[in-house]
Amino acid sequence: MAVETTVAELLDRFGRTYAEEAGIMLRDKPSPLYRLLVLTVLCSVRISADTATAAARELSAAGLRTPRAMVDARRGTLVAALGRAHYVRYDESTATALGTGAELLLDRWHGDLRRLREEAGGESGRIGELLREFPRIGPVGAGIFRREAQAVWPSLRPYFDERVLAEARTLGLPTSPAGLAELVAAQDVARWAAALTRASLAHVGAP
């Protein structure tokens, strides 16, 4: 199968970012970036992506779209929203992590993740290090955020994690971030990374 055909088919079948699935219209603005951070926290435990994105939608519907709203919310509001998405195994610990993380974002970066990016000089590795200061976000979570945020933070491009690079190898695609990025338009790199991530999770690949 030609590389162009493989890319087109993967984008058609899997080319939806997790932010889109969570109802986040990602822009380089404080609220959508914070909602992406919340989604990252939700994805950073052993739980399905469907459940995590559903929980992100419920938290947003409950009005918890900014760190100030998260800090000011009653704990029961957080737990109830998570419960509606069946995010129940980790609901209490997640409520704690979200509240503590919101306080950190307000205290250190005045509620604006663009300030975190500025502190990191826009450098991907440093952004990842700073993200790991939020409760529950480890190396995988920092990767999830950067993979999605590259849609609006060009300095992160191209970001493809080891899972994606392994899937690319299976599919006979370039195995370097630069090589993979060259297969799509710059504005589609985040969708392309998401498509390869979803393909990997679905065990799509060459026999």
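Guide: The side chains of Glu-148 and Arg-147 meet in a salt bridge, with N to O at 3.7 Å; a salt bridge is a side-chain nitrogen of Lys or Arg within 4 Å of a carboxyl oxygen of Asp or Glu. This is a predicted model, in which local features need pLDDT of at least 70 and side-chain atom pairs count only at pLDDT 80 or more, while totals for chains, interfaces and linings use all residues. Residues are numbered from 1 along each chain as its sequence is written, and side-chain values use heavy atoms, with hydrogens and water left out.

Visitor: At 2% relative accessibility, does Glu-148 count as buried or exposed?

Guide: Buried means under 20% relative accessible area, exposed over 50%, and partly exposed in between (1.4 Å probe, protein chains only). Glu-148 has 2% relative accessibility and therefore counts as buried.

Visitor: Which residue forms a salt bridge with Glu-21?

Guide: Glu-21 lies in helix α2 (residues 18–21) and its partner in helix α13 (residues 189–201), so the pair ties together parts that are 177 residues apart in sequence. Helices here are DSSP runs (H or I, at least four residues), numbered from the N terminus. The closest N and O atoms are 2.7 Å apart, and the partner is Arg-198.

Visitor: How far apart are the end C-alpha atoms of helix α3?

Guide: The expected span of a helix is 1.5 Å times one less than its number of residues. For the 14 residues of helix α3 (residues 30–43), this should give 20 Å. The end C-alpha atoms agree with that expectation, being apart by 20 Å.

Visitor: How many of the 14 residues of α3 are buried?

Guide: Helix α3 is mostly covered. Among its buried residues are Leu-33, Arg-35, Thr-40 and Cys-43.

Terms used: Helix = DSSP H or I, 4+ residues; strand = E, 2+ residues; numbered from the N terminus.
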